[in-house]
Amino acid sequence: MRNEPLFFKPIFKDRIWGGTQLTSFHYNIPSETTGECWAFSAHPNGQSVVKNGQYEGVTLGELWEKHRDLFGNIAGDRFPLLTKILDANQDLSVQVHPNDEYARIHENGELGKTECWYIIDCEEGAEIIYGHHAQTKEELICMIEKGEWDQLLRRVKIKPGDFFFVPSGTIHAIGAGTIILETQQNSDTTYRVFDFNRKDAEGNLRELHIEKSIEVTETPSSHTEVSPETKQIDGVEITTYVECPYFTVQKWSLSDTATLTQEKPFTLVSVIDGEGELVHKGKTYSFRKGDHFLLPNEFGEFSLKGNADLIASYL
């Protein structure tokens, strides 16, 4: 049925670096170290579930397999995207992700992981690690072996509203005191380069993946600058941050009423602030911060009303 938006119930992941800030999105989190909300996920490691309409209780993966028409009958052996909200109460590990080819060979057919981050909120002075300073693989290996992390890692100050595109092969880490919305390929493959000598609940150092990290890390590191493009449609300002082979990501800043048209195979929408209503074919659907809804193929024209910020993604 394409006459209604499909709202999804997210799942949550406990992480050593997580906290309690996801409660600000009206979530009942499972622990005081909840690091990740998987809002749209069809990954085997955790699937979000439809919570309204005729598909209530159905996972996103099941929808993809059995109702491909909702996604424009696009090709693919798995749903292509994964949307998360992350609460970095502490620093995340310094990590890197493989591309599709490397992951297919070395990770049992898993996809690679190109991702992007919208900084929802962060503490003053917060920063991320984005890239590195080594000029050759030999220099990269040497600095890693010597533990010269301050010299190797490129640190960037951040503020709310910043956006970063993080292609596979980019060394990166989210710093403490940061809440982000992450749009990524449907993959859960991460190679840890360094974890600040942090120990898990059992007192063990967390596993590192140095050899694979070195193999997949782009050297020298390139920094993809984001050039947002903004347009106004009625009462919504639409900012397009990135258009790449894996996804397009926009921010919809709603201040009044706007009429839009969903013309893509599907669109994923996450409400990161405020509240409002979606009106479609005479029916009204309320939304607020923390909601996530999918607009299926041939959804057509709809209206948004309210005061809210939303992150939308599509192929």
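Let me start with a definition: a residue is buried when its relative accessible area is under 20%, exposed when that value is over 50%, and partly exposed in between, using a 1.4 Å probe and protein chains only. What you see above is a predicted model, where local features need pLDDT of at least 70, side-chain atom pairs count only at pLDDT 80 or more, and totals for chains, interfaces and linings use all residues. Residues are numbered from 1 along each chain as its sequence is written, and side-chain values use heavy atoms, with hydrogens and water left out.

So, is His172 buried or exposed? His172 counts as buried, because its relative accessibility is 2%. This residue sits in strand S13, residues 172–174; strands here are DSSP runs of E with at least two residues, helices are runs of H or I with at least four, and both are numbered from the N terminus. The side chain of His172 has a polar contact at 3.2 Å with the side chain of His97. By that I mean a pair of N or O atoms within 3.5 Å, where one must be able to donate a hydrogen and the other to accept it, and where residues adjacent in sequence count only if both atoms are side-chain atoms. Leaving out residues up to four places away in sequence, His172 also touches others, including Glu115, Trp117 and Ile129, with contact meaning heavy atoms within 4.5 Å.

For contrast, take Glu202: it counts as exposed because its relative accessibility is 63%. You will find Glu202 in the loop between strand S15 (191–194) and helix H5 (210–216).

Now, friends, the domains. The assignment gives domain 1 (6–216) and domain 2 (229–314), with bounds from an automatic or database domain assignment. Their centres, taken over C-alpha atoms, are 23 Å apart. On the contact side, 35 residues of domain 1 meet 27 residues of domain 2.

How much area is buried between domain 1 and domain 2? About 2,700 Å², with carbon and sulfur atoms giving 74%; that is the accessible area (1.4 Å probe) the two parts lose on being put together, summed over both. Within domain 1, Phe7, Phe40 and Tyr118 lose the most area to domain 2, together 22% of what that side buries.

And the polar side of things? Across this interface, 6 residue pairs are in polar contact, both residues at pLDDT 80 or more. The salt bridge count between domain 1 and domain 2 is 0, taking a side-chain nitrogen of Lys or Arg within 4 Å of a carboxyl oxygen of Asp or Glu.
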